[in-house]
Amino acid sequence: MDFLDKIYKKSDSVVSRKIANEFILIPIRQNVADLESIYTLNEVGARIWELMDGKMTMREIKEKIVEEFEVMPREVEKDMAEYLQQLEKIKAVVEI
């Protein structure tokens with residue numbers, strides 16, 4: 001199955017916060033004092049994170065990103081695949 005047909009939700013083991021103009025993810029299963037376990041998201045990454053609600057497919061999220069940020073669909077798809085791998089690696093998302 002193509003990753004675009006999958007649905008993800010945020011893991012309960014990650015806390016996200018918007019502080020000033022930055023969006024951060026903090027895995028709560030690790031020592032919070034460990035700065036290597038805090039992740040900063042760019043604007044597009046933060047928007048993808050917000051849209052991962054356990055209902056929308058990655059394809060629907062991709063379409064919203066293309067529309068909202070006026071970027072090329074192929075570029076978004078490639079970047080989303082890499083981003084999703086990173087989120088899965090730190091156990092920040094769960095596939096539905």
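**Exercise 1.** Which handedness, left-handed or right-handed, has the crossing of helix 1 and helix 3? Describe this packing in the predicted model.

*Solution.* Step 1: the crossing of helix 1 and helix 3 is right-handed. Step 2: the two axes come within 12 Å and cross at roughly 65 degrees. Step 3: angles of 65 to 115 degrees count as roughly perpendicular, and helix 1 is therefore roughly perpendicular to helix 3. Step 4: on the helix 1 side the contact involves G45, A46, I48 and W49, which meet M80, Y83 and L87 of helix 3. Step 5: by class, these residues comprise six nonpolar, one polar and no charged.

**Exercise 2.** Determine how helix 1 (residues 43-51) is placed against helix 2 (residues 58-69), and which residues make the contact.

*Solution.* Step 1: the helices pack at an angle of about 140 degrees, and their axes are 10 Å apart. Step 2: only angles over 145 degrees count as roughly antiparallel, so helix 1 is oblique to helix 2. Step 3: helix 1 passes helix 2 in a right-handed crossing. Step 4: helix 1 contributes E43, V44, R47, I48 and L51 to the contact, and helix 2 contributes I61, K64, I65, E68 and F69. Step 5: six of these residues are nonpolar and four are charged, with no polar residue.

**Exercise 3.** Carry out the corresponding analysis for helix 2 and helix 3.

*Solution.* Step 1: the axes of helix 2 and helix 3 come within 10 Å, and the crossing angle is roughly 125 degrees. Step 2: the two helices are therefore oblique to each other. Step 3: helix 2 passes helix 3 in a right-handed crossing. Step 4: from helix 2, M58, I61, K62, I65 and V66 meet P73, V76, E77, M80 and L84 in helix 3. Step 5: the contact divides into eight nonpolar, no polar and two charged residues.

**Exercise 4.** Characterise the largest pocket by its volume and its lining.

*Solution.* Step 1: the volume of the largest pocket is about 360 Å³. Step 2: its lining consists of 18 residues, and N42, V44, G45, D79 and Y83 lie nearest the centre. Step 3: strand 4 (39-41), helix 1 and helix 3 (73-89) each supply at least two lining residues. Step 4: helix 3 provides the largest share, seven residues. Step 5: the lining is made up of twelve nonpolar, four polar and two charged residues.

Terms used: Residues are numbered from 1 along each chain as its sequence is written. This is a predicted model: local features need pLDDT of at least 70, side-chain atom pairs count only at pLDDT 80 or more; totals for chains, interfaces and linings use all residues. Side-chain values use heavy atoms; hydrogens and water are left out. Axes are lines fitted to C-alpha atoms, for helices over the stretch in contact, and angles run from 0 to 180 degrees between N-to-C directions. Helices (H or I, at least four residues) and strands (E, at least two) are DSSP runs, numbered from the N terminus. Angles under 35 degrees count as roughly parallel, over 145 as roughly antiparallel, 65 to 115 as roughly perpendicular and the rest as oblique. A crossing is left-handed if the near helix is turned anticlockwise from the far one by less than a right angle, and right-handed if clockwise. Contact means heavy atoms within 4.5 Å. Ala, Val, Leu, Ile, Met, Phe, Trp, Tyr, Cys and Pro count as nonpolar, Asp, Glu, Lys and Arg as charged, and the others, Gly among them, as polar. On a 1 Å grid over the protein atoms alone, a cavity is a set of points where a 1.4 Å probe fits but cannot get out, and a pocket is an open set with protein on both sides within 12 Å along at least five of seven lines; lining residues have an atom within 4 Å of a point. Grid points are joined across faces, edges and corners, and a volume is the space filled by probe spheres set on the points.
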